Amino acid sequence: MTEIKLDLGDKIGAGHFRECFSVKGDPGLCVKKLKPNLTFFQRLHLKLLRRNFNQDEFRIYHQLPQTLKPYFNPVIQASGDYLITTRPMDYDGSHSLPVSDYGKISNAHFWNEMKKIVALFEKHNLWFFDAFQLGTNVFVQRLSEDRWVPIIVDFKRHGWRSYPAQLNLLCDSEKKKKFYRKYHRFNILFRE
Ligand SMILES: Nc1ncnc2c1ncn2[C@@H]1O[C@H](COP(=O)(O)OP(=O)(O)OP(=O)(O)O)[C@@H](O)[C@H]1O
Ligand SMILES: [Mg+2]
């Protein structure tokens, strides 16, 4: 794969493991990199489980069922310590914001789309239990004034390897239970 050279701009977000940067000259892209100051235990977690979150996310995106892809933010390229991805934009040209920035969301189209996502998770037995955590991993893409769509931007993990101490997550029904617990909380926090 040929490497793309990009000039990074401001930091636009940070999670527990990765930071996300804008790309100078291309408002539709961003780059995720592992944080330089990961804790000892975070490094150990990655090493022991041979995880490379960026490459995992690339692979997961490209293996998604076609019907789910529109709800996941496309990953363009990933290598050792970075990932190039698109940056969701609203119909008015502004950058989309995470659900956590909205507080409560009353848009009916948005919640209808959420229902469709959950039905597709059921159909394909895919339980991305980190996605609907605290509203930082899902963005609200406003396609028009009243058509809002959830876009999942962080889907690096969805199995037992994310929580190796929880052996019950080797079992599909336990993953599903965990997903619904988090999804329920997501609804309580953000649904209006
Ligand atoms: N495609 C994107 N466009 C704009 N901002 C993004 C995008 N992807 C991630 N971000 C921002 O960067 C933050 C960190 O990215 P991400 O959630 O992938 O990191 P992480 O460390 O893997 O997260 P976690 O703490 O959930 O494990 C996100 O919470 C979000 O605010
Ligand atoms: Mg995240």
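Modeller: Helices (H or I, at least four residues) and strands (E, at least two) are DSSP runs, numbered from the N terminus. This is a predicted model, in which local features need pLDDT of at least 70 and side-chain atom pairs count only at pLDDT 80 or more, whereas totals for chains, interfaces and linings use all residues. Residues are numbered from 1 along each chain as its sequence is written, with chains lettered from A and ligands numbered from 1 in the order in which they are written.

Read from the N terminus, the elements of the chain follow the order β-β-β-α-α-β-β-β-α-α-β-β-α, with 5 helices and 8 strands. The radius of gyration, taken over C-alpha atoms, is 17 Å, close to the 16 Å of the globule rule for 192 residues, so the chain is as compact as a globular protein of that length. That rule is 2.2 Å times the number of residues to the power 0.38. Of the 192 residues, 28% are buried, that is, have 20 or more other C-beta atoms, placed from the backbone, within 10 Å of their own.

Around ligand 1 stand 21 residues, of which G13, G15, H16, C20 and D154 are the closest; a residue is near a molecule if its C-beta atom, placed from the backbone, lies within 6 Å of it. At least two residues of this shell come from each of β1 (8-14), β2 (18-23) and β3 (29-34), and β1 gives the most, with 3 residues. The shell comprises 8 nonpolar, 7 polar and 6 charged residues, where Ala, Val, Leu, Ile, Met, Phe, Trp, Tyr, Cys and Pro count as nonpolar, Asp, Glu, Lys and Arg as charged, and the others, Gly among them, as polar.

Terms used:
A residue is buried if 20 or more other C-beta atoms lie within 10 Å of its own, exposed if 12 or fewer, and partly exposed in between; C-beta atoms are placed from the backbone.
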